[in-house]
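Good morning, and thank you for coming. Please have the sequence and the three-dimensional view open while I speak.

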Amino acid sequence: MAAPADERSLATGDELLVPPTPARFDGPASSLADSSKHTSFVGSPLVEPMLLATDDPANYNEKIPDVHRQRRKRWSIFTLVGVVTAVVIALAIALPVTLAHHDGHGALDSGSSSSGSSGSGSGPNSGSPTGAVTGGNGSQVFTEGGATFTYVNNLGGFWVDDPKNPFNNSARAQSYTPSLDEPWVWGQDLIRGVNLGGWLITEPFIVPALYEKYQNTTPQAVDEWTLSIAMRNDTSDGGGIGQLEDHYKTFITEQDFAEIAGAGLNWVRLPVPYWAIEVWPGEPFLPNTAWKYALRALRWARFAFPGSQNGLNHSGRLGTINFLNGPMGVANAQRAMEYIRVITEFISQPEYEPVVQAFGMINEPLMGIIGRDALNSFYLEVYNMIRNITGVGKGPSLVMHDGFQGLGPWKGFMMGADRLVLDTHPYIAFGGGLDQPLDHWPPAACQAFQTNQSNIDFGPTITGEFSAAVNDCGKWLKNVGAAASFPDCTVWDDYRRWTQDMKDGVKEFVMASMDAMHMPGYMFWTWKIGNSSITGIPSAPMWSYQLGLENGWMPIDPRDAEGTCISLNIAFGVNFTGQFPAWQTGGADAGVLQPSATSTIEAYPPTLSNAMNANPTLLPFYTDVSANPTLPATTFFGATVSAGDGWADPQDTLFAPAPVPGCIYPDAWNAPQESTAFLCGATTVAATNTASPP
């Protein structure tokens, strides 16, 4: 359905007619393209590319291209466009997977009505005082859209529908996975999960059909920023920005969650964009819409940030990195922290705390550009902000990405922190030496993907992303228009032409990967790849767990992967029993940061790269004067329990950041490094250069 004309009409390029602005921008808004003086911060501080062709496991790395035969500087996955740009926040919510019809029986999702779900082949739970209905393998589920599917779960899982208590946590994904009303014990309960990539933040290789439609437009759709402009400019029937909500409604549904549980997977990692909360003037994204779909899958969260933490297209916009980097790095980080705060307040409510068991502070920051010192400072600041909201031992575990530097450099980081989890994303598809026989990859994965040493040196270390890809085939995997380095992708891009040997070889690689990283767990990227509008099939099949299940290159039960490495005569470098020190999992001494763990971390805001060595406290910043954008909850008709008010900590009364009235800012998405001067009123002021900010 076409969006209204006022939502669709945008000029080409970066000259936009923007969506309605937030209340904090009443009147003529200051341009997000110039600069301001910061006199004081409001509030106190809360503080090699994968190379599996080599025999040296120390050389194996993450989603960064090519150091084959030579040590080249690490760049982002999309090297062909250099360093990429984005002002985005991507929230990844990882959840223990159950199928509890929390949106059922007259639920209203943030202003969008739902007729709910129910089931047959099921019966009342005699132990439930609210008359909850449950169903297991073979039961029929009637979805809110009127469709019916059979719940297939041969692993002991069952769903729950409780109209009086939509926060009933007794559903179970599998017999071996705790229900949400039982504790999750790190190191004993293992994460076997999957990402829901491409759903609420689109990526061209995951949902090619959305982008194929706009390859001959100006601008060409290469990321969600340009896709949003192209959609808004499309006034034809079937055009308009409303196409994105149509995608939200159909790409991932209740049946997908049922299938995920039936596949033996027990956690989901869900990227959610900052524009689910709000947009600022000049940003073309569809605002305030993705959240109501995130409510249907609320779980473990990770952000991609304003100004871009890595510049990849999954951060919303290609270009230069402006998060904790460049003249607008501090201001963009302020905005990022505000969205982390808003999400934290929502997920820390008692209604959602059992579901959201971990929360990522930032997704895939490119430390090679941002710098370790700046990232350390940000991690400590955000950690303290979140724990001031939740308290020690409460709220989600906090997940930090390794910044594409590998696991070793994080040994001992922030010792004493309450439930801090390290996240790594090992891929081989973005390295060199890909033209190897299939039997090369399983033992290579067993050697390279082990996390036991980091579980000992740092603490809980998960693999938040990995894939079945043994090469870089797949349409637009490296960006729209970017070609694969693999010699011939014709067969690899069409799974219908795969031989049984190809399927068996890919499956063995997946099983070896799962085994190497099984303690405390992993999440595959991604559950689903959409069909191409040109070929009618998924054009990056090695990245789809669902397609692999249907066609035999993913295991029917992921537990079968354990023991694969031993069968390949690859031993674990070090044994890990699954026992973490009590403070690492919220027990005794949790939250007591050791002085040695923080004494070397630079005070926030840190000195930034590519900002002319300017004093960071004098770089452009936003002022905390605006009301916070509280996230709405689902309204449940007939329920006898509250869905919360969106704000867990009533003592958290600080305002949200907004542009300083009368000041003009550098471009938040692409500020030249010399733009440290700012204009407020009639006065232009320059940030003072200093090697050591006060």
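Let me begin with a definition: helices (H or I, at least four residues) and strands (E, at least two) are DSSP runs, numbered from the N terminus. The model is predicted, so to speak of a local feature we need pLDDT of at least 70, and side-chain atom pairs count only at pLDDT 80 or more, while totals for chains, interfaces and linings use all residues. Residues are numbered from 1 along each chain as its sequence is written, and side-chain values use heavy atoms, with hydrogens and water left out.

I turn to the loop between β13 (358-362) and α8 (367-370), where N363 is placed. Is N363 buried or exposed? N363 is buried, at a relative accessible area of 7%; buried means under 20% relative accessible area, exposed over 50%, and partly exposed in between (1.4 Å probe, protein chains only). Its side chain makes a polar contact, at 2.8 Å, with the side chain of R269. A polar contact is a pair of N or O atoms within 3.5 Å; within protein, one must be able to donate a hydrogen and the other to accept it, and residues adjacent in sequence count only if both atoms are side-chain atoms.

E364 is also found in the loop between β13 and α8. Its phi is near 50°, a positive value in a residue other than glycine, and E364 counts as buried at 0% relative accessibility. Another positive phi, near 65°, belongs to W476, in the loop between β16 (461-463) and α12 (500-516). W476 is buried too, with a relative accessible area of 11%.

Next, the cis peptide bonds. One runs from T218 to P219, with omega near 0°, and P219 sits in the loop between α2 and α3. Another runs from M519 to P520, again with omega near 0°; P520 is in the loop between α12 and β17 (521-524).

Now to the packing of helices. How do helix α3 (residues 224-233) and helix α4 (residues 243-251) pack? Their angle is about 120°, and their axes are 10 Å apart. Axes are lines fitted to C-alpha atoms, for helices over the stretch in contact, and angles run from 0 to 180 degrees between N-to-C directions. Angles under 35 degrees count as roughly parallel, over 145 as roughly antiparallel, 65 to 115 as roughly perpendicular and the rest as oblique; α3 and α4 are therefore oblique to each other. On the α3 side, E224, L227, S228 and M231 make the contact, and on the α4 side Q243, L244 and Y248 do. Contact means heavy atoms within 4.5 Å.

In α4, the residues Q243, L244, E245, H247, Y248 and F251 are buried. They pack against α2 (208-212), α3, α5 (254-262) and α6 (290-294).

Finally, the cores. A nonpolar core is a set of buried Ala, Val, Leu, Ile, Met, Phe, Trp, Tyr and Cys residues joined through side-chain atoms within 4.5 Å. The largest has 154 residues, and W199, F378 and W543 have the most contacts inside it. Helix α7 (residues 329-347) gives the most to this core, with 11 residues. A second, separate core has 13 residues, among them W186, A358, M519 and F576. As for W199, leaving aside neighbours within four places in sequence, its contacts are H247, Y248, F251, I252, L270, Y293 and A297.
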